[in-house]
Amino acid sequence: MRKMMTSVAAMTAAIALAAGAASAGQEDNLVVNEEIEIVVRTDAPAHMENVDTIYSGWTFRSDETQALQMDDFDNPGMIFVDMGREVFDAAAGSEGKSCASCHESPENLKGVKAVYPKWNDQAEEVYTIEMQINECRTDRMGAEKLKYNGGDMTNLVALLASVSRGMPVNVAIDGPAQSTWEWGKELYYSRTGQLELSCANCHEDNYDNMIRADHLSQGQINGFPAYRLKNAKLNTVHDRFKGCVRDTRAETYAPASPEFVALELYLSSRGNGLSVEGPSVRN
Amino acid sequence: MKRTFVAAAVVMAGTFPALAEVVAPAAVTYADGAVAQSLTGQAGNADAGRTVMTTRGLGNCIACHQVTALEDFPFHGEVGPSLDGAGDRWTQEELRGIVANAKMMFDGTIMPAFYKKSGYVRPGDGYTGKAAKEEDLEPLLTAQQVEDVVAYLATLTE
């Protein structure tokens with residue numbers, strides 16, 4: 001059992017849960033296509049003060065949902081990866097280039113997703129992978145930016161995640177990125193909205209507990225973009241942030257806002273050591 | 001305009017004397033986390049309180065608390081302690097304080113304050129994700145709903 005529970009009733013509930021969890025494969029390991037080993041639990045990175053072990057959101061999901069991620073034929077997110085390949089190969093803009101013109105194949109970009117968000121020297125700010133993709137489009141292809149949270153962009157991000165699956169998340173939080181990281185940390189612990197809840201209240205203090213019908217995870221983002229059975233599409237990290245902030249009855253930040261970029265860097269760093277897992281399947 | 005308002009107020013006060021006695025969120029006084037005085041001057045209705053406890057758009061207390069007497073309603077949370085026996089553990093005054101603003105009883109608790117309308121960071125307009133105007137904010141529960149919940153909690157004895 002991961003945590004101490006407060007009351008006897010909670011204990012009973014927890015035992016029931018643990019029993020359910022055994023069948024839900026909470027201790028199971030994830031190997032995709034019987035080939036790609038995914039680290040779904042490991043020691044927390046040193047910069048995490050209140051958590052010893054980090055867990056992928058996959059470990060909190062039901063047997064059925066977990067199974068969907070074990071084979072690419074069953075993973076509905078992989079359809080979007082294929083669509084991402086089309087965007088990767090499509091020439092756009094004044095230079096008549098596609099992503100493939102410079103990078104050859106997505107596989108050539110293996111490892112990239114694992115280190116984003118990342119400090120960009122020229123722009124002197126932390127870049128998400130979406131920002132980097134859009135810079136390639138405007139500066140190298142002479143093309144329009146893709147909509148930050150739009151389908152083409154999300155499919156490309158899913159593609160870049162898929163080729164990095166199994167590699168450890170490893171974002172840098174020191175050097176010039178440090179102040180952004182600290183801002184993200186502050187946002188993570190800020191209690192917002194009329195319910196006055198922070199990310200930490202649910203995902204640090206209460207992971208593995210039920211909140212009504214939801215089994216709370218650590219809110220890790222190594223699995224993004226995530227295919228959610230609930231809305232049957234790929235969900236971006238910033239959309240997920242928005243949903244969780246909204247659920248505290250707060251005014252949310254916008255996708256692509258500097259606040260969400262900072263939060264994304266911070267959250268990514270809380271997953272340093274887990275494997276890149278996107279596109280994951282969640283409920 | 002003003003006259004009709006005053007007239008209406010008089011009529012209402014005449015019909016429902018208790019309305020005049022509702023304590024505004026900012027006027028509630030806490031002593032060691034407890035609130036001595038009823039927020040409405042009236043006793044709460046335990047049946048109505050049960051509905052508040054179990055309804056998502058209202059108290060949704062079972063999102064965080066397990067309550068054996070409410071087992072007909074599915075999915076009880078584990079974020080807070082079980083409320084079985086809460087009516088034995090706490091006086092009505094304490095329960096009123098806990099429901100109105102649990103932070104007065106349990107410093108820094110995750111439990112939301114249900115009878116408060118200011119002092120929030122980035123308050124939203126309900127669950128829209130849009131900004132709320134601070135002056136338009138209503139407490140999560142009305143004074144009467146708080147009293148109803150308190151009346152229900154008082155029935156949770158072992």
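These legends describe close-up views of aromatic rings in a predicted model.

**View 1. Aromatic pair of Phe60(A) and Tyr207(A).** Over all chains, a search of the whole structure finds 10 aromatic pairs. One of them joins Phe60(A) and Tyr207(A) in an edge-to-face arrangement, with 6.5 Å centre to centre and 85° between the planes. Phe60(A) belongs to the loop between strand 4 (53–55) and helix 2 (63–68) of chain A, and Tyr207(A) to the loop between helix 8 (199–203) and strand 7 (210–211) of chain A, so the contact ties together parts that are 147 residues apart in sequence. Phe60(A) and Tyr207(A) are both buried.

**View 2. Aromatic pair of Trp90(B) and Phe106(B).** The rings of Trp90(B) and Phe106(B) pair edge-to-face, 5.9 Å centre to centre and with 85° between the planes. Trp90(B) is in the loop between helix 3 (86–89) and helix 4 (92–101) of chain B, while Phe106(B) is in the loop between helix 4 and helix 5 (143–154) of chain B; the two residues are 16 residues apart. Trp90(B) is partly exposed, at a relative accessible area of 25%. Phe106(B) is also partly exposed, at 34%.

**View 3. Aromatic cluster in chain A.** One cluster is formed by Trp181(A), Tyr188(A), Tyr189(A) and Tyr266(A).

**View 4. Arginines over tyrosine rings of the other chain.** Arg249(A) lies over the face of Tyr127(B), 5.0 Å from the ring centre. Arg122(B) has its charged end over the ring of Tyr253(A), at 3.8 Å from the centre of that ring.

Terms used
Residues are numbered from 1 along each chain as its sequence is written. Chains are lettered from A and ligands numbered from 1 in the order in which they are written. This is a predicted model: local features need pLDDT of at least 70, side-chain atom pairs count only at pLDDT 80 or more; totals for chains, interfaces and linings use all residues. Side-chain values use heavy atoms; hydrogens and water are left out. Rings of Phe, Tyr and Trp (its six-membered ring) pair if their centres lie within 6.5 Å; planes under 30 degrees apart count as stacked, over 60 as edge-to-face and the rest as tilted. Helices (H or I, at least four residues) and strands (E, at least two) are DSSP runs, numbered from the N terminus. Buried means under 20% relative accessible area, exposed over 50%, partly exposed in between (1.4 Å probe, protein chains only). A charge sits over a ring if NZ of Lys or CZ of Arg is within 6 Å of the ring centre and within 35 degrees of the ring normal.
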